[in-house]
Each structure stands twice: as structure tokens, then as C-alpha cells.
Amino acid sequence: MNNNLPTKELVIAIVERDDVVLMRQKPEGSSPYKETWYSFGCDRIPNQDDRTNIKNYLKDTIGIDVEVDNQSITPAFEIKEDHDGVEKNFIYIDLICKYLSGIPKVPQGAIRVEWIPKDKLSEYDIVPPSVKLLKDLGYKI
């Protein structure tokens, strides 16, 4: 981390159902990555439990209900340019979510959502923070 940069905290969800993971695809050329496949995430809300935050985000944004696993994952860090063009420290609070119900809808800024078989993830151009998290969780990607 660079103490001279502003910091942005995001809560990230890996949504699992059986042997598949729910991912979203953004249009080619969407910043900040050249890759187009992302996990789901939202801004961290001060004074709100991260598990409640991500459950509410997934329900409101893509229309699904999840149960958040209590597995503890060490937060990830990255320095990159944000959508506003300002370089920032990014802190990712990663959570594993088990799909319960709902039909996933395409969120704003994405072109589709897809349940991807865990053994096919390496065939997708997934953004680096999601790749790192998936590898840390033992996925073969």
C-alpha cells in the first residue's frame, strides 16, 4: 500500500452453486482492466457488516439471495487507477457466497452474467484480482 494515495475498500463475492461460479462480463475496453470477466462486488459501507452489505448488494443489483460463508479470507491489496482516473490503494474484502435462489439479472455496466463451470474458468479472460482470489481458494485457473 502507498500511504500517499487515497484508499478504496470493496467487498467482493464469489457466488457458488454446486460446481459453477456466477460471473459477469463487461464490454471490451471497460476500465480498469483489459480482461472482461469479473466477480461481483460493491463499495464497503462504514459501520455495516460486510456480509450484510454483500447480501443486500446481490439481492438489489442482480436479484439473487445468498448465504455468506464464514470462511475468513485475508484481504487482498492492489494499486491501480480508478474509474475517475485517480490512482488509489484498493482493499478487497473477499467473501464466499452460496447461491440460494433467484434468477440472476444483468447489472448495470455488464453485458451478461453466466454460471461458469469451475473446471472451465481458465477459458475466460478474468480480471487479475478475481484470478488471484480463485487461485487462493484452490480453483484451477
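**Exercise 1. In what order do the elements of the protein run from the N terminus on?**

Solution. This is a predicted model. The elements run β-β-β-β-α-β-β-β-β-α. Now check the tally: the protein has two helices and eight strands.

**Exercise 2. Why is the protein described as being as compact as a globular protein of its length?**

Solution. Take the radius of gyration, which is 14 Å. Next, take the globule rule for 141 residues, which gives 14 Å. The two values are close, so the protein is as compact as a globular protein of that length.

**Exercise 3. Is S130 buried or exposed, and where does S130 lie?**

Solution. Locate the residue: S130 lies in helix α2, which covers residues 128–136. Read its relative accessibility, which is 5%. Recall the cut-off: buried means under 20%. S130 therefore counts as buried. Then look for partners, leaving aside neighbours within four places in sequence: S130 is in contact with Y38 and S39. For the whole protein, 43% of the 141 residues count as buried.

**Exercise 4. How many positive and negative side chains does the protein have, and how far apart are the centres of the two sets?**

Solution. Count each set: there are 19 positive and 24 negative side chains. Then compare the centres, which lie 2 Å apart.

**Exercise 5. What share of the accessible surface belongs to carbon and sulfur atoms?**

Solution. Begin with the total, about 7,800 Å². Carbon and sulfur atoms account for 46% of that surface.

How values were computed:
Residues are numbered from 1 along each chain as its sequence is written. This is a predicted model: local features need pLDDT of at least 70, side-chain atom pairs count only at pLDDT 80 or more; totals for chains, interfaces and linings use all residues. Side-chain values use heavy atoms; hydrogens and water are left out. Helices (H or I, at least four residues) and strands (E, at least two) are DSSP runs, numbered from the N terminus. The radius of gyration is taken over C-alpha atoms; the globule rule is 2.2 Å times the number of residues to the power 0.38. Buried means under 20% relative accessible area, exposed over 50%, partly exposed in between (1.4 Å probe, protein chains only). Accessible areas come from the Shrake-Rupley method with a 1.4 Å probe; for residues, only the protein chains shown count as cover. Lys and Arg count as positive and Asp and Glu as negative; His and the chain ends are not counted. The place of a charge is taken as NZ of Lys, CZ of Arg, CG of Asp or CD of Glu. Contact means heavy atoms within 4.5 Å.
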